[in-house]
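Please look through the sequence and the model shown below before reading on. The report that follows takes up one topic at a time.

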Amino acid sequence: MTAQLFIHQCYELYSEENHETWRRLYARMLPRWEQYANQHFLAGIRSLCFSPDQVPLLKDVNKFLRPLTGFEAKAVSGYIPAFLFFDCLRNRAFPTTVSIRSADRLDYLPEPDIFHDVAGHVPMHTDRNFAETLVRFGECAHTAAGLVSEIRDEAERVRTLTSIVKSMARFFWFTIEFGLMRAGDGLRVYGSGLLSSYGEIEHAIESREVQRYPIQLEWAINQSFEIDHYQPLLFVVDSFDHLFSLVDRLEGWMKEGKLSQVAPGEPQVNEADLKSFLDAPSR
Ligand SMILES: [Fe+2]
């Protein structure tokens, strides 16, 4: 089912300006990563051998990535409905945006681009424990689809699914996208939204405006967030084993009905996301 999601990365279409944008983004992030990124990410950057000067060719990235964890970066043209996205993770395929931001907008970007997806996410996929966590999260999407398919009343089915998808999106946001990890006496970044942001990676660790708390699942799944400014609240995990155990607990709570009525608020769950779960094939 997922085969038609993927596209060919037409490498010859990247302009000189596109490569220059990658070069500038990469060069300015390197010292920030050294200072703020967690050790698994730094090891990942070393293993993947990105060119600092050119937009990466996914085929080349995958030559280094696949032998480590089985993950592959696969080109997509944009938004993927939630169930299909999570199902890709379960199959160790990472839907990867191949366009790159314009040269005059290096900082703020509402949509993912290849710098966010490949420089921010893919190095994390070289880590065995992190990769297993993503696969486990993908399995949770199947659990969710199976659970709601047993609800006979249609309105109840949609209401429950909306709540479960909202809680999964919040968990993903506060961990995979914006997570912090304990490192010795301090904190390091492992969330890809932070790892691909020159300004926010420093802000996340240094700013007094940010609240940083040990992650609590019951908090994260009920906490709304906004995507258009630096995050005022971040959650800390101890390790990727810890993160994996949280995904296990997330699934357990889903089965117990604890995700079926989470607090209202962002993010909104759109029709396409709901439909992708309702149309999911049963296992
Ligand atoms: Fe992302």
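What is the arrangement of the 4 donor atoms around the iron ion?

## The iron site

The arrangement is irregular, because the angles that the 4 donor atoms subtend at the iron ion run from 52 to 141°. This model is a predicted one, and in it the iron ion is coordinated by the NE2 atom of His116, the NE2 atom of His121 and two OE atoms of Glu177, at 2.0 to 2.7 Å. Along the sequence, these donor residues follow the spacing H-x4-H-x55-E. Because His116 lies in helix H5 (residues 114-121) while Glu177 lies in helix H7 (residues 154-177), this pair ties together parts of the chain that are 61 residues apart in sequence.

When neighbours within four places in sequence are left aside, the residues in contact with Glu177 are His116, His121, Phe172, Gly191, Ser192, Gly193 and Leu194. Tyr190, which is 13 residues from Glu177 in sequence, is 7.9 Å from Glu177 in space, taken from C-alpha to C-alpha.

How many of the 9 residues of helix H4 (residues 82-90) are buried? The number is 8, so helix H4 is largely enclosed by the rest of the structure. The buried residues in question are Ala82, Phe83, Leu84, Phe85, Phe86, Asp87, Cys88 and Leu89, and the elements against which the buried residues of H4 pack are strand S2 (93-97), H6, H7 and H12.

Just after H4 comes Arg92, whose place is in the loop between H4 and S2. Arg92 is a residue other than glycine, yet its phi is positive, near 60°. With a relative accessible area of 23%, Arg92 is partly exposed, in a position that follows the largely enclosed helix H4.

## Two helices side by side

Two packed helices are described by the angle between their axes and the distance between the axes. In the case of helix H6 (residues 128-149) and helix H11 (residues 240-256), the axes come within 9 Å and cross at roughly 5°. Since angles under 35 degrees count as roughly parallel, H6 and H11 are therefore roughly parallel to each other. Residues of both helices make this contact, including Phe130, Arg136, Phe137, Cys140 and Leu147 of H6 together with Phe240, Leu243, Phe244, Val247 and Met254 of H11.

At 22% relative accessibility, Thr162 counts as partly exposed, and apart from its neighbours within four places in sequence, Thr162 is in contact with Val269 and Leu274. Thr162 and Glu271 are 109 residues apart in sequence, but their C-alpha atoms are 9.6 Å apart in space.

Glu271 itself lies in helix H12 (residues 271-278). Is Glu271 buried or exposed? At 67% relative accessibility, Glu271 counts as exposed. A further separation concerns Ala141, which is 130 residues from Glu271 in sequence and 16 Å from Glu271 in space, again from C-alpha to C-alpha.

## Backbone details in the loops

Most residues other than glycine have a negative phi, and most peptide bonds are trans. Against that background, Cys49 has a positive phi of about 55° although it is not a glycine, and Cys49 is found in the loop between helix H2 (39-48) and helix H3 (58-69). The peptide bond from Glu266 to Pro267 is cis, with omega near 0°, and Pro267 lies in the loop between H11 and H12.

## Cysteines

A disulfide is a covalent bond between the sulfur atoms of two cysteines. How many disulfides does the structure hold? The structure holds 0 disulfides. In the case of Cys10, the closest cysteine sulfur is that of Cys88, and the distance of 19 Å between the two sulfurs is too far for a bond. Cys10 is partly exposed, with a relative accessible area of 32%, whereas Cys88 is among the buried residues of H4.

Methods:
Residues numbered from 1 in each chain as written. Predicted model: local features only at pLDDT ≥ 70, side-chain atom pairs only at ≥ 80, totals over all residues. Heavy atoms only, no water. Donors = N, O, S within 2.8 Å, 3.2 Å for Na, K, Ca; no water. Tetrahedral: all angles 85-135°; square planar, octahedral: opposite > 155°, others 65-115°. Helix = DSSP H or I, 4+ residues; strand = E, 2+ residues; numbered from the N terminus. Disulfide = S-S within 2.5 Å. Buried < 20%, exposed > 50% of the residue type's maximum accessible area, 1.4 Å probe, protein only. Axes fitted to C-alpha atoms, helices over the stretch in contact; angles between N-to-C directions. Parallel < 35°, antiparallel > 145°, perpendicular 65-115°, else oblique. Contact = heavy atoms within 4.5 Å.
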